[in-house]
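Please look over the protein shown below before reading on.

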Amino acid sequence: MALALSHAGGDQHLALVNQKFCTLTGYGSDDVVGKNCRMLQTSPSGTNAPNTEARGKIHAFLKADGPATMRTTIVNFRKDSSPFVNLLFMSKLKANSGQVRYILASQFDVSRAHKHLLQAYDLELDDTLKTLKPLLDDHNIMIEGTLAMIANSTNTIAQAKLTLAELEQNTPY
């Protein structure tokens with residue numbers, strides 16, 4: 001599962017990414033650590049995706065009083081400039097004091113996904129969060145929210161396919 005961890009303060013720059021993130025995006029950790037993930041919304045060749053709805057959800061999530069978790073599809077670009085529709089799940093990691101310290105994000109390419117792949121992703125995300133929880137508890141960091149928001153896979157895949165089709169139809173690659 002592609003995972004990224006960013007600092008909650010400032011520009012939410014990436015603290016670390018795993019190998020699956022690097023495989024998915026084509027970027028090495030040296031390319032992205034210290035940068036905000038918004039860099040994935042513009043291809044190296046300069047193509048941008050509007051991502052208006054997704055950006056609105058992300059901005060609402062990042063507010064101090066925003067939701068503890070967020071899920072949306074967003075068009076991202078790999079290092080080779082190829083687009084993909086990313087099912088992005090973000091969760092705030094809080095210290096016992098209640099201060100948000102980190103943001104954990106998982107990414108999944110739903111551009112051409114089938115329902116069974118998305119269901120496998122949901123299970124893998126659930127297992128990953130269950131594995132991370134005891135580790136984070138040892139450092140006084142909590143994952144808030146529930147995994148219930150990972151529901152409605154069919155709608156997400158349909159929206160992802162529509163978004164990618166519109167992007168491919170309107171932009172020459």
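Two strands are said to pair if DSSP finds at least two bridges between them, and helices (H or I, at least four residues) and strands (E, at least two) are DSSP runs numbered from the N terminus. This is a predicted model, in which local features need pLDDT of at least 70 and side-chain atom pairs count only at pLDDT 80 or more, while totals for chains, interfaces and linings use all residues. Residues are numbered from 1 along each chain as its sequence is written, and side-chain values use heavy atoms, with hydrogens and water left out.

**Strand pairing**
- Strand S1 (residues 2–7) and strand S2 (residues 14–17) run antiparallel and are joined by three bridges, with Ala 4 standing opposite Val 17 in S2.
- S1 and S2 form a hairpin with six residues between them, and Gly 10 in the turn has a positive phi of about 60°.

**Thr 42**
- Thr 42 lies in the loop between helix H2 (29–32) and helix H3 (52–62).
- Leaving aside neighbours within four places in sequence, Thr 42 is in contact (heavy atoms within 4.5 Å) with Thr 47, Asn 48 and Phe 77.
- Thr 42 and Arg 78, 36 residues apart in sequence, are 9.1 Å apart in space, C-alpha to C-alpha.

**Confidence**
- The mean pLDDT (the predictor's confidence in each residue, from 0 to 100) of the protein is 79, and 67% of its residues reach 70 or more.
- Confidence is highest in H2, at 97, and lowest in strand S6 (residues 141–143), at a mean of 53.
- Over residues 144–155 pLDDT stays under 50, and the model has 23 contacts beyond four places in sequence for these residues.
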